[in-house]
Amino acid sequence: MYRKISADYIYPVTSERIENGVVVLDDQGVILEISSAEKYDSVEVEKYDGVIIPGMVNTHCHLELSHMVEKIPTGTGLLQFIENVVKQRGAEEEWIQECIRNADSYMYENGIVAVGDISNKTDTFPVKRNSKLKYYTFVENFDFLQNERTQSTFDMYKKVYDDLEENGKLRKSMSPHAPYSVTPKLFELLNLLNQSERKTISIHNQETPPENELFLQGTGAFQKFFQDFNMSLESFNSTGKTSIHYALQYLDPKHKTLFVHNTLTNKEDVKAAQEALSETFWATCPNANLYIENRMPDYKVFLDTNATVTIGTDSLTSNWQLSILEEMKSILRYQSYLTFDDVLRWGTINGAKALSWDDELGSIEAGKKPGLVLIENIQNGKILHRNSTSRRIA
């Protein structure tokens with residue numbers, strides 16, 4: 001029997017909202033029709049208080065770090081944060097797996113349907129194989145600009161990559177970590193591996209002031225960071241440009257490129273990427289940015305350049321929860337010139353496009369199976385009130 005689901009408003013995302021609309025689903029969750037309530041007998045319809053949106057897409061997560069919740073202090077800045085993660089990452093395998101399972105279940109129950117997930121190990125793969133979520137796994141490579149480590153680094157992460165088989169709900173690519181951690185040779189090896197088909201490539205970008213300083217002047221806190229890990233920057237030459245320009249020299253333009261964080265990205269950076277690459281996406285993780293650096297991106301930069309913004313959560317190491325709803329709330333709390341429609345698009349259809357699942361996810365349209373999410377506890381017409389919650393209803 002078909003389900004007929006209604007709420008105060010339906011937000012299809014790719015079309016105008018519908019007051020008292022009804023979404024008709026088959027027994028597999030595929031949308032058959034979006035119509036008005038008058039068409040159906042009220043006893044046939046599941047009616048909810050609130051608004052219905054399609055399932056949300058989390059384009060940046062580190063699921064394998066879920067066991068590190070509340071281990072790292074807030075406000076330390078990125079470099080100290082990385083050092084803390086390296087020092088405290090270890091834990092019992094059973095505990096790591098339990099935390100990964102719990103995080104996966106939490107995301108599903110709160111309305112996330114697909115995740116772009118960073119993996120340095122195979123820890124998350126057992127959960128991903130049995131998850132109700134779709135996962136695009138970015139096997140993350142970094143040789144920290146040490147040429148003598150490039151081949152061994154690549155070989156190590158290639159083993160991780162090979163351990164995960166792709167299917168209808170699991171996709172993967174080998175991806176660079178960040179401009180400050182990947183040599184030209186490592187970029188070349190990644191491009192060769194990914195060349196057989198068009199993929200999505202993820203790269204952390206312009207997350208902290210020392211990153212740009214390193215490339216602009218060859219100075220700053222990254223010098224001490226490398227020293228602390230007994231690594232040399234002797235072969236590194238500053239470019240005189242912001243860090244993203246270094247990456248743009250080596251990223252393969254045929255792939256979709258997902259730049260992550262972008263807290264210091266300016267209009268010139270975005271335009272340079274749009275000119276160099278075939279399709280760019282800009283993942284924002286506001287709560288993680290606040291957790292680590294006490295800053296957020298200037299979203300006007302992305303509006304003014306018609307950039308395609310997506311939303312991520314980062315990990316429980318750098319966030320209080322893995323909720324796209326809470327990320328949207330934070331954006332609107334601190335950047336109130338944006339609208340609910342803006343952030344809803346970022347958290348749904350834009351993310352689905354970034355991960356190449358927009359044929360099925362990201363909007364409420366006939367023929368799609370996006371999942372349906374109910375946002376409740378709306379107050380005074382404000383959908384993303386601080387007490388608003390989300391839960392999956394289909």
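On a 1 Å grid over the protein atoms alone, a pocket is an open set of points where a 1.4 Å probe fits, with protein on both sides within 12 Å along at least five of seven lines, and its lining residues have an atom within 4 Å of a point. A volume is the space filled by probe spheres set on the points, which are joined across faces, edges and corners. This is a predicted model, in which local features need pLDDT of at least 70 and side-chain atom pairs count only at pLDDT 80 or more, while totals for chains, interfaces and linings use all residues. Residues are numbered from 1 along each chain as its sequence is written, and side-chain values use heavy atoms, with hydrogens and water left out.

- The largest pocket has a volume of about 650 Å³, and among its 28 lining residues Ile82, Val86, Arg89, Asn120 and Phe142 are the closest to its centre.

**Aromatic rings**
- The whole structure contains 21 aromatic pairs, which are rings of Phe, Tyr and Trp (its six-membered ring) with centres within 6.5 Å, counted as stacked if the planes are under 30 degrees apart, edge-to-face if over 60 and tilted for the rest.
- Tyr136 and Trp357 form an edge-to-face pair, 6.4 Å centre to centre with 75° between the planes.
- Both Tyr136 and Trp357 are buried, meaning under 20% relative accessible area (1.4 Å probe, protein chains only).
- The rings of Trp282 and Phe302 have centres 5.9 Å apart and planes at 45°, so this pair is tilted.

Definitions and conventions
Buried < 20%, exposed > 50% of the residue type's maximum accessible area, 1.4 Å probe, protein only.
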